[in-house]
Amino acid sequence: MSMKRVRLDPTRSALLVIDVQNDFCASGTLEVKGGEEVVPIINNLMPHFGQVFLTQDWHPRGHLSFASSHTDAQPFQEIETPYGRQTLWPDHCIQGTRGADTHPLLLTHPVRTILRKGMNHQIDSYSAFFENDRKTSTGLGGLLTELGIRELFLAGLATDFCVLYSAMDARRLGFDVVLVQDACRAVDREDSLQRALNQMGKAGVLFARSRQIV
Ligand code: VGL
Ligand code: ZN
């Protein structure tokens with residue numbers, strides 16, 4: 001990987017911060033190893049961007065993606081749904097709970113828009129752009145396009161789920177995408193991190209380190 005600096009054009013670049021929430025950090029219900037370590041890295045990135053967008057996983061109680069909503073189901077097992085296969089998770093990011101709050105040390109004053117997703121009882125939404133049926137739009141693509149943003153820098157949790165799906169959809173919508181690797185952490189079950197990186201690389205996602213940007 002080259003260590004050249006990534007020059008930002010603030011009129012067309014934005015930082016998209018995915019799901020840096022208590023439940024994905026230390027002692028959260030769906031803890032991602034080292035999740036909280038991305039907080040200072042992302043805070044340092046924010047001032048370099050003219051526009052910062054943030055997502056929150058924001059589930060109603062009894063959400064379809066919770067293992068607890070199904071009989072005889074365990075977290076990390078997969079089920080068949082009307083929209084395809086879905087991994088089941090421990091209860092997490094329930095609307096209005098502390099676990100669903102963004103990490104308390106994450107700066108939010110530079111954030112222009114907070115987009116909540118996964119609110120549909122019957123459909124999960126890993127991606128910031130489309131729910132897991134791959135059809136229902138969150139509206140974020142239209143908003144970014146309307147604002148003239150063409151290039152997205154992605155950071156947050158988890159690299160192999162919500163960041164991956166957001167990156168793939170952003171490419172599908174025609175955005176240039178840069179994954180800021182040290183500003184992300186992964187669930188990494190069954191080699192899912194390596195598979196996610198391969199998939200993103202094939203889709204034309206570029207990989208960078210925050211020190212190339214700051
Ligand atoms: C996520 C699993 C379930 C994520 C959200 O933010 O990566 N993963 N819900
Ligand atoms: Zn979720």
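Reader: How far does a polar side-chain atom of His-92 lie from a nitrogen atom of ligand 1?

Author: This is a predicted model, in which local features need pLDDT of at least 70 and side-chain atom pairs count only at pLDDT 80 or more, while totals for chains, interfaces and linings use all residues. Residues are numbered from 1 along each chain as its sequence is written, chains are lettered from A and ligands numbered from 1 in the order in which they are written, and side-chain values use heavy atoms, leaving out hydrogens and water. From the polar side-chain atom of His-92 to a nitrogen atom of ligand 1, the distance is 3.1 Å.

Reader: Which residue has a polar side-chain atom 2.7 Å from an oxygen atom of ligand 1?

Author: An N or O atom in the side chain of Asp-57 is 3.0 Å from a nitrogen atom of ligand 1. The residue whose polar side-chain atom lies 2.7 Å from an oxygen atom of the ligand is Asp-19.

Reader: What percentage of the area that ligand 1 exposes alone does the protein bury?

Author: Taken alone, ligand 1 exposes 260 Å², an accessible area from the Shrake-Rupley method with a 1.4 Å probe. Of this area, the protein buries 99%.

Reader: What kind of aromatic pair do Trp-89 and Tyr-126 form?

Author: The structure holds seven aromatic pairs, with ring centres within 6.5 Å and planes under 30 degrees apart counted as stacked, over 60 as edge-to-face and the rest as tilted. The centres of the Trp-89 and Tyr-126 rings are 6.4 Å apart and their planes stand at 80 degrees, so the pair is edge-to-face.

Reader: How many residues apart in sequence are the parts that this pair ties together?

Author: Trp-89 lies in the loop between β4 (84-87) and β5 (111-117), whereas Tyr-126 lies in the loop between β5 and α2 (140-146). The pair therefore ties together parts whose separation in residues is 37.

Reader: What is the omega of the cis peptide bond from Leu-157 to Ala-158?

Author: Leu-157 and Ala-158 are among the residues surrounding ligand 1. The cis bond from Leu-157 to Ala-158 has an omega near -15 degrees.

Technical notes
Near = heavy atom within 4 Å. Polar contact = N/O pair within 3.5 Å; in protein donor to acceptor, adjacent residues only side chain to side chain. Phe/Tyr/Trp six-rings, centres within 6.5 Å; stacked < 30°, edge-to-face > 60°. Helix = DSSP H or I, 4+ residues; strand = E, 2+ residues; numbered from the N terminus.
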